[in-house]
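Open the model in a viewer and keep the selection panel at hand.

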Amino acid sequence: MSNIKTIEGHLNAAGLKTAVVASRFNHLFVEKLAGGALDALKRHGADENDQTLIWVPGGWEMPLATQKAAQSGNYDAIICVGAVIRGGTPHFDYVAGEMIKGISTVSLQSGVPVTMGILTTNNLEQAIERSGTKMGNKGWEAAVAAVEQVNLLRQLA
Ligand code: INI
């Protein structure tokens, strides 16, 4: 293994310009995810002045705003945070499916790393667990993934 050329991203966020795109729907959870993402960036060396927080109404609106942010050229990476919680109708599937497919398309088409800190849960308890309690904070994890991905892609360019 030691002779194998290995390329991987480091976790130093110094100088990185990032946007956190957050959906207001289920705000109780999403504000924790957004806070977790911003905290992770800061703790990995990013400057607060290089961070932007963009609020969209709901997950449905996330792909277009993320696309605009990616096209602006202002950000090295975009971290999407949101929460879709299953209800009694198929609404969940439409919103979750489109928002996640949409941000993935933005990333592939723009070349800007977009990471996914979006909860798709069956109930409120699962959302609580993943927004800063016993299962961690998915916003924090998505921010760390963004830092790693930016630093990886710079080596692949
Ligand atoms: N938006 C979410 O981000 N999460 C949800 O769980 C959700 N549910 O379940 O309805 C949701 N709906 C709103 C949607 O994203 C749009 O904002 C709305 O339809 C207006 O276009």
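What follows is a short tour of the ligand, its shell and its pocket.

This is a predicted model, in which local features need pLDDT of at least 70 and side-chain atom pairs count only at pLDDT 80 or more, while totals for chains, interfaces and linings use all residues. Residues are numbered from 1 along each chain as its sequence is written, and side-chain values use heavy atoms, with hydrogens and water left out.

**Stop 1: polar contacts.** Show pairs of N or O atoms within 3.5 Å. An oxygen atom of the ligand lies 3.0 Å from a polar backbone atom of Trp-60. Next select Asn-26, where an N or O atom of the side chain is 3.3 Å from a ligand oxygen. For the His-91 side chain, the corresponding distance to an oxygen atom of the ligand is 3.2 Å. Taken alone, the ligand exposes 460 Å², of which the protein buries 74% (Shrake-Rupley method, 1.4 Å probe).

**Stop 2: the elements.** Switch to cartoon; helices (H or I, at least four residues) and strands (E, at least two) are DSSP runs numbered from the N terminus.

Stop 3: Which pocket does the ligand take up? Its space is the largest pocket, meaning an open set of points on a 1 Å grid over the protein atoms alone, where a 1.4 Å probe fits, with protein on both sides within 12 Å along at least five of seven lines; lining residues have an atom within 4 Å of a point. The volume is about 250 Å³. Of the 17 lining residues, Phe-25, Asn-26, Val-84, His-91 and Val-95 are the closest to the centre. In the lining, the largest share is four residues from H3.

Definitions and conventions:
A polar contact is a pair of N or O atoms within 3.5 Å; within protein, one must be able to donate a hydrogen and the other to accept it, and residues adjacent in sequence count only if both atoms are side-chain atoms. A molecule sits in a cavity or pocket if more than half of its atoms lie within 2 Å of its grid points. Grid points are joined across faces, edges and corners, and a volume is the space filled by probe spheres set on the points.
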